[in-house]
Amino acid sequence: MKNHAVKNSGIALGLLGAALIVSTSFAQGFMPAVRLPAARKALPKAQVSTRMSDSPTYTYTLLGYPGTLDTQGVGINPDALDPDLDGQGETARPKIKVVGARFSPDGTSQTGFLARVSGSKSVHETYDLLNDPQGSLVQQAYSINDFGQVVGDYYMGDIGGSYIFHSYELDGDKFNPINLPFAGVVSTFSPAINNTGEIVGGWTDSAGNSHGYTRIGDTYTSFDYPGGGQIQLYLSVNSEGDIVGSYADASGAVHGFLRRGETYTSIDFPGAAYTVSTGINDADEIVGSYCPTSQCLATGGEGLQGFILKNGIYTTFAIPGEYATALASINNKGVLMGNYYDADVNAADTANHVYTFLATPNP
């Protein structure tokens, strides 16, 4: 498996790398929060802004797993606090934790990773591989909460041209498989976890249809976007159980969505040809990516841009001069995590690369 072929998985999704290989049918606080699904309203009618007077400026940190040129982040912990106490035993230290995938230098494999980032003026980074021993050479970590619980999945092969995955939960040093109890489950993908331990993700059935699911305690519940929309790879859940993801409608067009309680709201960047929503924090700030033109879709993502949706207003986010930018996650302090691409990763050229960044709002 070539390096560009592995990276191409995210391009097909429109998330540009925040996933493993895409299937053919398609990617808080420390105390548990009380879920009040009826206490919040659906998203207000959206506006668009590329220059908001109250938009923050950012300080950027580039992340890269040592020894490889290609690192793609997917999830960031919600509150950026380390449960371990500092040397004086009184306060928690700020620490951002990012999970995702790193690609081997020869492009034959990808493995989950965990990065710990601390400090502001002087940034300190440490990295660990996350490799489920039951899994394959192609693995991905998707989400991490403030207690260090991680969820991800790994590639199992393909059936009839459809790629098959299986999801796991890493708690401490133990990888536990996520085995859905639904009839006809073929593949599970794209899990996310919040600080209450709720897990959301996707699954495909034997007919090739894709669905979402939640796991609260030991109870699994399947869900579908109203009207038959196919749930796409990559979902996110905040501490109140609000879920964002994306779905494909009957025509194949892809949209983001917000699920709050049993209420669904479609998320579409105005005028975009393609929208995916990939992260939500406890302040109801949603991030994702969009293709502004059909040319972006035709080229597999050239010109893809990130967006932030706050109080009904969309704000574009892009790394200037790069081939594409994708936002993957946002924490409760407004820190953005995403990826940018310096060339077309669809091309048969191992010189193109993907990079992970943090964008921290300036005071």
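Trainee: What percentage of the 363 residues of the protein chain count as buried?

Mentor: We are reading a predicted model, and its protein chain has 2 helices and 28 strands. The chain exposes about 14,700 Å², of which carbon and sulfur atoms supply 53%. Of the 363 residues, the part that counts as buried is 56%.

Trainee: Is serine 104 buried or exposed?

Mentor: Serine 104 is found in the loop between strand 6 (96–103) and strand 7 (110–118), and its side chain reaches the backbone nitrogen of threonine 108 at 3.1 Å. Leaving aside neighbours within four places in sequence, serine 104 is in contact with Thr68 and Ser109. Its relative accessibility is 8%, and since buried means under 20%, serine 104 counts as buried.

Trainee: How many residues lie between strand 13 and strand 14 in their hairpin?

Mentor: Strand 13 (residues 185–193) is mostly covered, with 7 of its 9 residues buried, and 6 bridges join this strand to strand 14 (residues 199–205) in an antiparallel arrangement. Isoleucine 193 stands opposite isoleucine 199 in strand 14. In the turn, glycine 197 has a positive phi of about 90°, and the number of residues between the two strands is 5.

Trainee: Which class of ring pair do tyrosine 225 and tyrosine 264 form?

Mentor: A search of the whole structure finds 26 aromatic pairs. For tyrosine 225 and tyrosine 264, the ring centres are 5.5 Å apart and the planes stand at 80°, and because an angle over 60 degrees is the criterion, the pair is edge-to-face.

Trainee: Where in the chain do these two tyrosines lie, and how many residues apart are they?

Mentor: Both tyrosine 225 and tyrosine 264 are buried. Tyrosine 225 is in the loop between strand 16 (219–223) and strand 17 (230–231), whereas tyrosine 264 is in strand 21 (residues 263–267), so that the pair links distant parts of the chain. Their separation in residues is 39.

Trainee: Which class then describes the rings of tyrosine 247 and phenylalanine 257?

Mentor: Tyrosine 247 is buried with a relative accessible area of 8%, and phenylalanine 257 counts as buried at 0%. Their ring centres are 6.4 Å apart and their planes stand at 55°, so the pair is tilted.

Trainee: Which residue lies over the face of phenylalanine 223?

Mentor: Here a side chain lies over a ring, at 4.5 Å from the ring centre of phenylalanine 223. The residue in question is arginine 259.

How values were computed:
Residues are numbered from 1 along each chain as its sequence is written. This is a predicted model: local features need pLDDT of at least 70, side-chain atom pairs count only at pLDDT 80 or more; totals for chains, interfaces and linings use all residues. Side-chain values use heavy atoms; hydrogens and water are left out. Helices (H or I, at least four residues) and strands (E, at least two) are DSSP runs, numbered from the N terminus. Buried means under 20% relative accessible area, exposed over 50%, partly exposed in between (1.4 Å probe, protein chains only). A polar contact is a pair of N or O atoms within 3.5 Å; within protein, one must be able to donate a hydrogen and the other to accept it, and residues adjacent in sequence count only if both atoms are side-chain atoms. Contact means heavy atoms within 4.5 Å. Two strands pair if DSSP finds at least two bridges between them. Accessible areas come from the Shrake-Rupley method with a 1.4 Å probe; for residues, only the protein chains shown count as cover. Rings of Phe, Tyr and Trp (its six-membered ring) pair if their centres lie within 6.5 Å; planes under 30 degrees apart count as stacked, over 60 as edge-to-face and the rest as tilted. A charge sits over a ring if NZ of Lys or CZ of Arg is within 6 Å of the ring centre and within 35 degrees of the ring normal.
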